[in-house]
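Okay, everyone, thanks for coming. Let me put the sequence and the model up, and then I'll walk you through a few parts.

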Amino acid sequence: MNNLSNEVEEHYHSPDLFGRILANLKAAGIALDEVRRSDISAVDEFHVRGAEVSKELAAGLQLKDKQVLDVGCGIGGPCRMLADEFGCRATGIDLSEEFVRTAKMLSELVGLEDQTSFVHGDATNLPFADRSFDLVWTQHVQMNVEDKTKFYKEITRVLKDGGTFLYYDIFKKGDEEVNYPMPWASQPKISFLAKVSVMENILGDQGLRKVQTTDQTEKGILFFEKLLANLAASGPPKLGLNLLMGTSTKLKLGNLLKALKEEKLILQSGSYRK
Ligand SMILES: C[S@@+](CC[C@H](N)C(=O)[O-])C[C@H]1O[C@@H](n2cnc3c(N)ncnc32)[C@H](O)[C@@H]1O
């Protein structure tokens, strides 16, 4: 892995994350041998609108016994949701060793270790054979990836013919700079924001066909306004994304909200067929 990858990994480094999640579950009165997926879903989905949006994106997918790959899976919440609710076999890959270790332990904690697996690796060099997955899914990852061509080419390569690529992501709208820290980068050096057209052109060149896109910006803004109001009123929740984002959570979320409101950034989801 190169220096920038190390810096991305360092940005997400969250020491003893699993231990802190367990401690907060206990503090919330949840017995550790009875933890359900819903008990951890506020902390294990690291993207705008968390568990709620993943369910929306997955609605209608036919995934029974299918192979799914989550590129940049974080601590594995979306993989567990897809495996549990759709009966698929979900594999996650992430650059952060700490996140992959935590993802595995969380799957064991909620009894989903047989339907999910997690691999430490780089999205631009996927350790999977061509045409291995029926669905490739990615949420809020490519902003950390400089080489967009490699990123989307690898996704296309591991997708089966007829398979679906589904993304939910943050893109640049114009050319104006945004303020840092952001949730994915404390400094611009590890942030590679691009316009949607960059992704569209690469996927088009790879022969993928666009199925649909949805502008998620308005819903994201409403979500952040509510979240920041709750943070101001009640402080950080026991089991929330503050466990992953640390002491600068409010600043990171505030900067992202501002950039969305000023139309410097947009949130978009969409799908492509190979
Ligand atoms: C904002 S988090 C999103 C995590 C997850 N997709 C989710 O929605 O819960 C971004 C994740 O992308 C991972 N990441 C960044 N660059 C990567 C790369 N080149 N290869 C694999 N993972 C990467 C980070 O380690 C981090 O876990």
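Going by that, Lys104 sits in helix α6, residues 97-109. Before going on, residues are numbered from 1 along each chain as its sequence is written. And this is a predicted model, where local features need pLDDT of at least 70, side-chain atom pairs count only at pLDDT 80 or more, and totals for chains, interfaces and linings use all residues.

So, is Lys104 buried, exposed or partly exposed? We call a residue buried with 20 or more other C-beta atoms within 10 Å of its own, exposed with 12 or fewer, and partly exposed in between, with C-beta atoms placed from the backbone. Lys104 is partly exposed, because it has 19 others within 10 Å.

On to the sheet. Strands of a sheet pair through backbone hydrogen bonds, either parallel or antiparallel; here, two strands count as paired if DSSP finds at least two bridges between them. Seven strands make an open, mixed sheet, ordered β3-β2-β1-β4-β5-β7-β6. At the edges are β3 (116-120) and β6, each pairing on one side only.

Helix α7, residues 148-158, does have buried residues: Phe151, Tyr152, Ile155, Thr156 and Val158. Their cover includes β1 (67-71), β4 (133-139), β5 (159-172) and α8 (196-205). Contact, by the way, means C-beta atoms, placed from the backbone, within 7 Å.

That cut-off also gives us the meeting of α9 and α11. From α9, Thr217, Gly220, Ile221, Phe224, Leu227, Leu228 and Leu231 meet Lys250, Leu253, Gly254, Leu256, Leu257, Leu260 and Lys261 of α11.

Last, the ligand. Near means a C-beta atom, placed from the backbone, within 6 Å. Which of the 25 residues around the ligand come nearest? Phe46, Gly72, Gly74, Leu95 and Ala123. At least two shell residues each come from α1 (3-12), α5 (77-86) and β2 (89-94).That's my tour, thanks.

Conventions
Two residues are in contact if their C-beta atoms, placed from the backbone, lie within 7 Å. Helices (H or I, at least four residues) and strands (E, at least two) are DSSP runs, numbered from the N terminus.
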